[in-house]
Amino acid sequence: MKRVDLNCDMGESFGAYRIGNDQAILRYVSSANVACGFHAGDPGTMRKTVQLALEAGVAIGAHPGFADLVGFGRRNMEISPEEAYDLVVYQIGALHAFVQAEGGVMQHVKPHGALYNMAASRPALAESIALAIYKVNPELVLYGLAGSELTRAGEKIGLVTAHEVFADRTYQQDGTLTPRSQPNAMITDQQQSLQQVIRMVTEGLVRTEQGVDIPIQADTICIHGDSAHALEFAQSIHQALAGAGITIASRRQ
């Protein structure tokens, strides 16, 4: 029987600002990527999100990003590999403290936004992120864009690595995500999302914006928690996977 992890970016509220519907979405996913206070989130939000995930039996991962609250971590920042290493270690440590304080165990690390996308194509940046994770805890799973420099770096250093695909993003012929600045970067149609997800999981293929099918490894599927359609996508994808006989489970289950 096929199995796949279904993850969602969470804990992205900040102070009085509320983003996403984490508590409802947690009923449908197997892993949660929790913002660590740099691109989004704050200490109170981190604690509450960890508590909700543990109550729901959902695996927890750190979601480190650039220190860019205004840009939500989605703007490129030119940093050195050493700075990236420090950035990731710091944020993993912050979330780990909350997870440990609540009696849980952290499962994975998934870089956020621009940090994630830059690491997908820049070997030096990818290697510094993988090293940061390995040094903190070599048992942590690295989530990275399927077939990217980030997953290659994780595998090279000896981390368990999950190749990630996206339910709500379109793809380019080189396997990268369509930049958000371009038309059709986001998938807002539920049926289109479902068809893409099921095909990636069952056939290992995705149709690109250029109309060409490319191979893709789908270990974990991402839903963006800040999307207006996040809850509906989570519900429908969960139902579609179950209906296709595919088990939804975290990477450590």
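Me: This is a predicted model. Is F38 buried, partly exposed or exposed, and what is the class called?
Reply: F38 has a relative accessible area of 21%. Buried means under 20% and exposed means over 50%. The value for F38 falls in between, so F38 is partly exposed.

Me: How many aromatic pairs are there?
Reply: Ring centres must lie within 6.5 Å to pair. By this rule, the number of aromatic pairs is 2.

Me: What kind of aromatic pair do F38 and Y90 form?
Reply: The ring centres of F38 and Y90 are 5.5 Å apart, with 50 degrees between the planes. Under 30 degrees would be stacked, and over 60 would be edge-to-face. The pair of F38 and Y90 is tilted.

Me: How many residues apart are F38 and Y90?
Reply: F38 sits in the loop between β2 and α2. Y90 belongs to helix α3. The pair links distant parts of the chain, 52 residues apart.

Me: What kind of aromatic pair do Y116 and F166 form?
Reply: Here the centres are 5.9 Å apart, and the angle between the planes is 85 degrees. Planes over 60 degrees apart count as edge-to-face. So Y116 and F166 are edge-to-face.

Me: Are Y116 and F166 buried or exposed?
Reply: Y116 has a relative accessible area of 3%. F166 has 2%. Buried means under 20%, so Y116 and F166 are both buried.

Me: Which residue has its charged end over the ring of Y116?
Reply: Y116 lies in helix α4. A charged end sits over the Y116 ring, 5.7 Å from its centre. That charged end belongs to K110.

Me: Which residue forms a salt bridge with K110?
Reply: Side chains of opposite charge can pair when their charged atoms come close. For the partner of K110, the closest N and O atoms are 3.2 Å apart. That partner is in strand β1, so the bridge ties together parts 101 residues apart in sequence. The residue is D9.

Me: Which residue meets E78 in a salt bridge?
Reply: E78 is exposed, at 62% relative accessible area. Its partner lies in the loop between α4 and α5, 44 residues apart from E78. The N to O distance is 3.0 Å. The partner is R122.

Me: What is the accessible area of the nonpolar patch formed by F14, Y17 and L69?
Reply: Y17 lies in the loop between β1 and α1. Y17 is exposed, with a relative accessible area of 62%. Together, F14, Y17 and L69 have an accessible area of about 330 Å².

Technical notes:
Residues are numbered from 1 along each chain as its sequence is written. This is a predicted model: local features need pLDDT of at least 70, side-chain atom pairs count only at pLDDT 80 or more; totals for chains, interfaces and linings use all residues. Side-chain values use heavy atoms; hydrogens and water are left out. Patches are made of residues with over 30% relative accessible area and no salt bridge: like charges are joined within 9 Å, nonpolar side chains (Val, Leu, Ile, Met, Phe, Trp, Tyr) within 5 Å. Accessible areas come from the Shrake-Rupley method with a 1.4 Å probe; for residues, only the protein chains shown count as cover. A salt bridge is a side-chain nitrogen of Lys or Arg within 4 Å of a carboxyl oxygen of Asp or Glu. Helices (H or I, at least four residues) and strands (E, at least two) are DSSP runs, numbered from the N terminus. Buried means under 20% relative accessible area, exposed over 50%, partly exposed in between (1.4 Å probe, protein chains only). Rings of Phe, Tyr and Trp (its six-membered ring) pair if their centres lie within 6.5 Å; planes under 30 degrees apart count as stacked, over 60 as edge-to-face and the rest as tilted. A charge sits over a ring if NZ of Lys or CZ of Arg is within 6 Å of the ring centre and within 35 degrees of the ring normal.
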